[in-house]
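Please look over the structure below before reading on.

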Amino acid sequence: MYVCLCFAVSDSQLAGVIADGARTEEEVGDACAAGTGCGNCLDRICDRLRAADPMHGIEVGRAVA
């Protein structure tokens, strides 16, 4: 199954990129180009990144002193 149709990136290729340490959409794009075309696959990429790192996409606010 393809995750990114623009660059023909399969689910197994994306899994390999994440296993090799990609933790952001930008790192995935740098590694295999997924997510750098039309952008329709970014939700699927984020889901896979969140599965690898449950804190993916969560912004932690700073405490104001």
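What follows is a short report under plain headings.

## About the model

This is a predicted model, in which local features need pLDDT of at least 70 and side-chain atom pairs count only at pLDDT 80 or more, while totals for chains, interfaces and linings use all residues. Residues are numbered from 1 along each chain as its sequence is written, and side-chain values use heavy atoms, with hydrogens and water left out.

## Cysteines

The structure holds zero disulfides, a disulfide being a pair of cysteine sulfur atoms within 2.5 Å. The closest cysteine sulfur to that of C38 belongs to C6 and lies 3.7 Å away, which is too far for a bond. C41 is likewise in no disulfide, since the nearest cysteine sulfur, in C4, is 3.9 Å away.

With a relative accessibility of 52%, C38 counts as exposed, whereas C41 is buried at 4% (buried means under 20% relative accessible area, exposed over 50%, partly exposed in between, with a 1.4 Å probe and protein chains only).

## The nonpolar core

The largest nonpolar core has 13 residues, and those with the most contacts inside it are L14, V28, C32, A34 and I45; such a core is a set of buried Ala, Val, Leu, Ile, Met, Phe, Trp, Tyr and Cys residues joined through side-chain atoms within 4.5 Å.

Beyond its neighbours within four places in sequence, I45 is in contact (heavy atoms within 4.5 Å) with V3, L14, E25, V28, A34 and G35.

## At the surface

At 67% relative accessibility, V60 counts as exposed.
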